[in-house]
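Student: I have a structure open here and have not seen it before. Can you take me through some of it?

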Amino acid sequence: MRRLLLTWMAMLVFLPLFAAQEGGESINAKEVVLEHIKDSHEWHITDIGDKPLVIHLPVIVKSSTGWHVFCSSQFAHEPDANGYRTEPNHNLAIATKGDNAGKIVELGEGGQETTVTDLSITKTVAVMFINAILLLCCILIPARWYRKHKASDPAPKGFTGFIEMLVMYVVDEIIKPGVGKGYEKYTPYLLTCFFFIFTCNVMGLMPFPPGGGNVTGNIAVTFFLALCTFIIVQFSGNKHYWKDIFWPDVPTWLKAPVPIIPVIEFVGIFTKPFALMIRLFANMMAGHAIAIAITCIIFLVAGKVIAVQLSMSTLSVFMSIFMMCLECLVCFIQAMVFTMLSAVFIGLARVEPEHE
């Protein structure tokens with residue numbers, strides 16, 4: 001705790017001073033926030049003087065001339081007059097403006113853009129691989145302990161005990177009540193969802209590699225997770241589930257000749273996973289954006305009088321600390337909510353009528 005307090009005090013003292021030194025240069029808060037939350041073909045860590053410290057990632061694209069594999073370092077660091085970070089060998093470039101901003105395009109004669117098939121290892125993909133490896137280690141270490149011990153042995157302690165506590169909490173308080181009878185066969189998937197989302201959320205709070213990636217704030221990731229839940233729910237649905245959708249127990253005039261309620265129920269099949277996708281994506285992206293935006297306040301007031309610098313910088317530091325503490329809680333809550341709603345949706349698809 002003493003080290004944490006000293007760190008906060010140092011932030012209050014040195015950040016305003018550092019910002020004052022940078023006061024001659026304006027900062028675009030919008031670009032700073034978007035750079036953090038969007039995906040990219042390079043992993044920008046920091047700037048040392050005028051030189052950026054960047055981890056260059058593999059580029060795998062298919063253009064009109066075939067497949068090309070090279071390092072993202074071949075793209076120019078600064079865009080040209082047309083807004084392209086060009087690559088000299090294959091007429092490829094990263095667009096920095098327009099509809100394809102941030103994407104790799106093929107430049108034809110006259111500067112015409114053509115989209116390409118992009119299978120590159122972007123920052124989000126790289127962070128996801130790291131998180132997956134970390135998650136495997138977190139699960140295999142307790143599994144190794146259980147292989148060497150009997151069920152009658154005392155409960156594990158330390159890291160293994162912490163993982164066991166989380167697993168038992170998720171199973172007993174979320175999966176079992178949500179799914180109901182026969183929950184065991186859905187437990188592996190739901191536990192995977194919880195721990196993957198929780199790991200990605202926590203790693204996203206780290207401002208340096210191997211963390212710092214906005215994985216669950218990427219709508220493609222949350223779309224895939226919601227799609228998995230959607231498929232499992234539909235394949236788990238029993239005859240009563242489908243009957244309640246296409247011929248529910250409502251007055252006949254609500255379902256024939258105009259199928260008002262069946263249409264509403266059918267649309268509900270898709271709105272449930274859509275809500276899963278948007279809830280996780282919006283909460284995590286907004287949390288990252290707000291935390292970065294609050295930090296930018298220090299640099300935005302760097303050119304002001306010293307009283308404004310100190311007051312706003314102090315407010316920014318305390319608000320940043322508050323947001324980081326809140327984000328730690330949100331990391332767990334969002335993983336729990338996604339798992340809970342997935343379990344509930346699966347349980348609703350398997351429910352039996354009360355009279356049976």
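**Pocket, sheet, salt bridges and rings**

Tutor: The model is a predicted one. The second largest pocket is lined by 9 nonpolar, 6 polar and 3 charged residues.

Student: How much space lies in that second largest pocket?

Tutor: The second largest pocket holds about 340 Å³ of space.

Student: And which residues are closest to its centre?

Tutor: Asp 39, Thr 124, Asn 218, Ile 219 and Ala 220 are the closest, out of the 18 residues that line the second largest pocket.

Student: Which elements give two or more residues to the lining?

Tutor: Those are helix H3 (123–147), helix H6 (219–236) and helix H8 (260–300).

Student: OK, on to strands. In what order do the 3 strands of the open sheet come?

Tutor: The order is E4-E3-E9, and the pairing is antiparallel.

Student: Which strands stand at the edges?

Tutor: Strand E4 (66–71) and strand E9 (117–118) do. Each has a single partner strand, so one side of each is left without a neighbour in the sheet.

Student: What holds paired strands together in general?

Tutor: Strands of a sheet pair through backbone hydrogen bonds, and the pairing can be parallel or antiparallel.

Student: Back to this one. How many bridges are there between E3 and E9?

Tutor: Strand E3 (residues 58–63) pairs with E9 over 2 bridges, in the antiparallel sense. Val 61 has Asp 118 in E9 as its bridge partner.

Student: Now the charged side chains. How many salt bridges does the structure hold?

Tutor: There are 2 salt bridges. One of them joins the side chains of Arg 85 and Glu 42, at 2.5 Å from N to O.

Student: Where do Arg 85 and Glu 42 sit in the chain?

Tutor: Arg 85 is in strand E5 (residues 84–87) and Glu 42 is in strand E1 (residues 42–48). The pair links distant parts of the chain, 43 residues apart.

Student: Is Arg 85 buried or exposed?

Tutor: Arg 85 is buried, because its relative accessible area is 12% and buried means under 20%. Glu 42 is buried too, with a relative accessible area of 12%.

Student: What about Asp 249, which residue does it form a salt bridge with?

Tutor: Asp 249 forms a salt bridge with Lys 243, and their closest N and O atoms are 3.1 Å apart. Asp 249 is exposed at 67% relative accessible area, while Lys 243 counts as partly exposed at 35%.

Student: Last topic, rings. How many aromatic pairs does the count come to?

Tutor: The count comes to 12 aromatic pairs. In one of them, the rings of Trp 145 and Tyr 146 have centres 5.1 Å apart. Their planes stand at 85°, so the pair is edge-to-face; the cut-off for that is over 60 degrees. Tyr 146 is partly exposed, with a relative accessible area of 37%.

Student: And how do Tyr 169 and Phe 332 pair?

Tutor: That aromatic pair is tilted, with 6.2 Å centre to centre and 40° between the planes. Tyr 169 lies in helix H4 (residues 158–179) and Phe 332 in helix H9 (residues 306–349), so the pair ties together parts that are 163 residues apart in sequence. Tyr 169 counts as partly exposed at 34% relative accessibility, and Phe 332 counts as partly exposed at 22%.

Student: Which residues form the aromatic cluster with Phe 230?

Tutor: Phe 230 forms one aromatic cluster with Tyr 241, Trp 242, Phe 246, Phe 266 and Phe 270.

Methods: Residues are numbered from 1 along each chain as its sequence is written. This is a predicted model: local features need pLDDT of at least 70, side-chain atom pairs count only at pLDDT 80 or more; totals for chains, interfaces and linings use all residues. Side-chain values use heavy atoms; hydrogens and water are left out. Rings of Phe, Tyr and Trp (its six-membered ring) pair if their centres lie within 6.5 Å; planes under 30 degrees apart count as stacked, over 60 as edge-to-face and the rest as tilted. Buried means under 20% relative accessible area, exposed over 50%, partly exposed in between (1.4 Å probe, protein chains only). Helices (H or I, at least four residues) and strands (E, at least two) are DSSP runs, numbered from the N terminus. On a 1 Å grid over the protein atoms alone, a cavity is a set of points where a 1.4 Å probe fits but cannot get out, and a pocket is an open set with protein on both sides within 12 Å along at least five of seven lines; lining residues have an atom within 4 Å of a point. Grid points are joined across faces, edges and corners, and a volume is the space filled by probe spheres set on the points. Ala, Val, Leu, Ile, Met, Phe, Trp, Tyr, Cys and Pro count as nonpolar, Asp, Glu, Lys and Arg as charged, and the others, Gly among them, as polar. Two strands pair if DSSP finds at least two bridges between them. A salt bridge is a side-chain nitrogen of Lys or Arg within 4 Å of a carboxyl oxygen of Asp or Glu.
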